[in-house]
Amino acid sequence: MESWSETLARLPAAFHKDRDELLGLMRRQAILYQSPTQPILSRDGSTARWMLNSLQVTLTPRGAELAGRCVLELLRRFEGRQIATLGLTAVPILNSVIMQSDGRYHGLLVRQQRKKHGSLKLIEGPIDPDEPTIVIDDSIASGTSMQLACDTLRQAGIRVEGGIFLVRFGWYGGFARMQEQGYHVEAVTDIWSDFIYHMEDEPKPIGNPTKIFPKFQWSEARAPEQLHPAALARIAMREYLTSGKLPRPPQALDLDYPAGGGAWVSLRSVKNIHVRHARDGYWNFPGEQGWPSSEAVLWAALKTAETLPKDEALALLDDSAVAVTFFDAMEACPVGALDNDRYGIVVRSLERPGWMGGALPRMPGILNEWDQYQHARMTNAGLVSFEPHVILRHDVVKAVEPGVAWQPTGVPRSGASHPLTRAECGGLVAARGRDLAIARLFGVAPRTAPLRDDLLPADTDQLYVSVYLAGRLRGCFGAVLGRLDEDITTLVEAALDDARFETPAGATSPKTVSVTVALLHDRLDLGLHSVEDIVRRIRYGQHALMVQQDARFALFLPSVASRYNLDAVSFVEELLRKAEITEPPYRWIRFECTTWLADQTGERLVEGSFAPEAPPAGLCELVERLGTLAIAYLLRHQRPDGTFFTRYEPLQDQLYQAVDLPRLAHGAWVLARASRTCDRSAGDAAIRTAVFLLHTVEETADGLWLTHMGNDRSVAESALLVLALCEAPDETLRKQWVPRLAAALWSRIDAHGRVHTHADEAIASDAYQDYFPGQVMLALATAARLGLTPLDDAKFELAFRYYRHRFRAQPRFGQVSWLAQACYAGWQVKPDPRFADLAFEAADWICGFQQEKSGAFLNDHQSDTPGYTTALYLEGIGAAASLARSTGDELRHRGYLESCRRGLQFLDGLIIQSRDSSLLPNPSMAVGGLRRSGRASEVCIDFVQHYLAALIEIGGAARAG
């Protein structure tokens, strides 16, 4: 979301000239100071030294003219032509706008209370109930008056588009609350940056509070040269704590450290490195004056020393190990450019000076870049979800006091891969395990040589072996490492005799035998923690975790999370259940885990419970390969009546079924489209599903609806069924049903363009507005293009404007795909450049969340992001790519297709393929399924439908290109 200052910066020079003159008048004439004859009271009854009285300016000819001109310029950013105000103070501004607008705007006056005589009106003026309305006021502080005006207008059936204010009293208050409700709000001036910061005896802005340092004196002596940073920090803290002085900085440290982005100093207990006594420092933002690394250490040490309790500061310093963390110069970046394996980040508000928070790389409990971003933005910075902000990333260098063991987190991943990830190390262990299993099962001699005891690195703690027969888990056992080859031989034997698992049918050939070996390393004793706390100290799905209590203990490998589709809390709770530990205290041990698979194709690394391979490089190859998989999966999971198995757990070979009308209709649409471009057999499947859906259609007093037990009646299934019938090969069904269903959809668009999503308005929460209206617009535009419904230009225009406003006021991930597709469909009916502009806005916005390193889209749309939602966004980007081609925007066309290529490469790793057969009990049902995420194995039918829909959109855009 754009900040207020960014909005102002883009306005024309004439606006700024008028604004500057208006500001000068207001600073001189609109500040009313308290005096013996002029009391000033706040709303709560307390006195104030001064107040803003805009009427002193807006009731003058020049002041009214300037205020009106400034507001008129901001009105250009709104759709509506009806303006309103509550009370008296903005009446001069309202009149000025109307007089200078050349007839474009007319006004309304909203009363705080209904008139008690005469007309008894609450709203005065020529009301146009269909016209979006902008509320104008002289200022907004708490937002109480604005809220009352909006509520009164809305109760009268008038849509409020937003508001414009001569002065806003900061962002966090009424201004932000109106944004949170989806209103478009603008302001000519800000009380802080335009008034208070220019007044004597008022606070001045503090843009970077981390650079507020305690008072001290410089010592006469200079610190020794070529010190380690931690040694310099220790000297500096001791001197400050004893004398209140700091040594002067040396010319150089022992090495060249980057400090362009700041420095922090940490003190941790020597006896228990997990106990942090103190940590503080400063950030240095782009454009600010920085210091050389030697001086940076002193400033950070000063702040850290000041945080220590005075009566035990020196004792704590003596008890502590010291580390200095240096930040290289910061650079602004989008979410997609984050890399939790490399960069630290700072998220900084663009509206509230001084509100900021950071996150180091690879911190406990932070799984990926999205978690890192949310931790910095929400937890540490305390920003609200829609607050405009900038993300600043920086490289990190940590200098730990020599000879001290420090936590391995908070620093970039080493450039060198761990030895266990190399085929000649971890891969060799997996190959040996499979060979031993085959030897035992088929009574043959092992073909591989015994493993050397020194093959694995010294930090390897435990080894777990799992044996699969024809894709079914036969058994799993682990042990602390002693003699490597003896251990793996013992574990293979134990896994083959594991009584906890059902014995599958005997292995028919060595090809059906596969083995995974999980190598646990970098053991970390975490101590006693609650369930809630331990979740924040592990990366579930990546770490192995052990719990202990007296003689009870249990360990989960990270693959347990994806095998059983557990979230982080469930992962921990199930581990406690396995250990039969029912109450605290819980003692925890964490391990890094590297897992290898050995099957008939060779050895490869496992991620979660699967072992993906490198995806194809080319877009066309990806589209062809994945399209075939998706269609085959949908056809296999369709039931004879046209419904689908809704969910499948491939590692358990467990199917689930239900009737979900919107998902069924979406499946029919996707299969019908696939029959035209990929596989004609998909057309018959689409008809089966469409016929099932048509049997659920009921004509009721409130319209035409699809009705089935367990489903709320909504426009979603109707819109998606229209799309399915428009694409399906049965022309009779199309002509019979599309006009009727489309007419029902047109009736759900009200006079403001808002789509009423449900038959029962009581269950129609605002969240549905992100999805269903785009589906309705897409369906109606498609039907109109085929001549199956008359295009209601006025209603379509209203809906387009309403949902364009909604996206621009507060963009959400759920809006992207359907909005972009609806714009493309609208363009095909009527090539209005506004359709292309909005589709490009949505595509460009979501592309900012696409990871540079993986191609996935980070989001708050799914809890275990990134995952299947990448397919949803690719549908929208594919539609935008087609629009870019249609408008001749070749640069955008190529860029969107490249985004699609990278996104499909990510999805390829989540799509179950023949490479995964050795770990699947029933490959014929699993292959082609799109898993929820890398930490889950479940496949929902709509995941597959959406990635097939994305492939169809992308394929069309690529072929036409």
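**Notebook: aromatic pairs, a helix contact and backbone exceptions**

I noted that Phe 796, at 6% relative accessibility, counts as buried, because the limit for that class is under 20%. The model I am reading is a predicted one.

**Entry 1. Phe 796 and its partner**

I looked up the ring partner of Phe 796 and found Phe 835, in an edge-to-face pair with 6.1 Å between centres and 85° between planes. Phe 796 belongs to helix 24 (residues 793–809) and Phe 835 to helix 26, so this pair ties together parts 39 residues apart in sequence. I checked Phe 835 as well: it is buried, with a relative accessible area of 6%.

**Entry 2. Aromatic pairs elsewhere**

I recorded a count of 33 aromatic pairs. I then examined Trp 370 and Phe 849, whose rings form a tilted pair at 6.5 Å centre to centre, with 50° between the planes. Trp 370 sits in helix 12 (residues 369–380), while Phe 849 sits in the loop between helix 26 (833–847) and helix 27, so the pair ties together parts that are 479 residues apart in sequence. Both Trp 370 and Phe 849 are buried.

**Entry 3. Helix 27 against helix 28**

I followed the chain to helix 27 (residues 869–886) and helix 28 (residues 890–910), whose axes come within 8 Å and cross at roughly 160°. Helix 27 and helix 28 are therefore roughly antiparallel to each other, since angles over 145 degrees are classed that way. The crossing of helix 27 and helix 28 is left-handed. I listed the contact residues: helix 27 contributes Thr 870, Ala 871, Leu 874, Ile 877, Gly 878, Ala 880, Ala 881, Ala 884 and Arg 885. Helix 28 contributes Arg 892, His 893, Tyr 896, Leu 897, Ser 899, Cys 900, Gly 903, Leu 904, Phe 906 and Leu 907. By class, I noted 12 nonpolar, 5 polar and 2 charged residues in the contact of helix 27 with helix 28.

**Entry 4. His 756**

I located His 756 in the loop between helix 22 (731–746) and helix 23 (772–785). At 22% relative accessibility, His 756 counts as partly exposed. Setting aside residues up to four places away in sequence, I found that His 756 touches Val 715, Arg 748, Asp 750 and Glu 761. I also read the C-alpha separation of His 756 and Tyr 768, which is 9.6 Å for residues 12 apart along the chain.

**Entry 5. Backbone exceptions**

I searched for exceptions here because most residues other than glycine have a negative phi, and most peptide bonds are trans. Where are the cis peptide bonds that I recorded? One joins Pro 584 and Pro 585, with omega about 5°; another runs from Thr 865 to Pro 866, with omega near 0°. Pro 585 is in the loop between helix 17 (568–579) and strand 23 (587–599), and Pro 866 is in the loop between helix 26 and helix 27.

I next noted positive phi at Asn 565, near 55°, and at Glu 580, near 60°. Asn 565 lies in the loop between helix 16 (559–563) and helix 17, and Glu 580 in the loop between helix 17 and strand 23. Is Glu 580 buried or exposed? Glu 580 is exposed, with a relative accessible area of 59%, whereas Asn 565, at 23% relative accessibility, counts as partly exposed.

Note on methods. Residues are numbered from 1 along each chain as its sequence is written. This is a predicted model: local features need pLDDT of at least 70, side-chain atom pairs count only at pLDDT 80 or more; totals for chains, interfaces and linings use all residues. Side-chain values use heavy atoms; hydrogens and water are left out. Axes are lines fitted to C-alpha atoms, for helices over the stretch in contact, and angles run from 0 to 180 degrees between N-to-C directions. Helices (H or I, at least four residues) and strands (E, at least two) are DSSP runs, numbered from the N terminus. Angles under 35 degrees count as roughly parallel, over 145 as roughly antiparallel, 65 to 115 as roughly perpendicular and the rest as oblique. A crossing is left-handed if the near helix is turned anticlockwise from the far one by less than a right angle, and right-handed if clockwise. Contact means heavy atoms within 4.5 Å. Ala, Val, Leu, Ile, Met, Phe, Trp, Tyr, Cys and Pro count as nonpolar, Asp, Glu, Lys and Arg as charged, and the others, Gly among them, as polar. Rings of Phe, Tyr and Trp (its six-membered ring) pair if their centres lie within 6.5 Å; planes under 30 degrees apart count as stacked, over 60 as edge-to-face and the rest as tilted. Buried means under 20% relative accessible area, exposed over 50%, partly exposed in between (1.4 Å probe, protein chains only).
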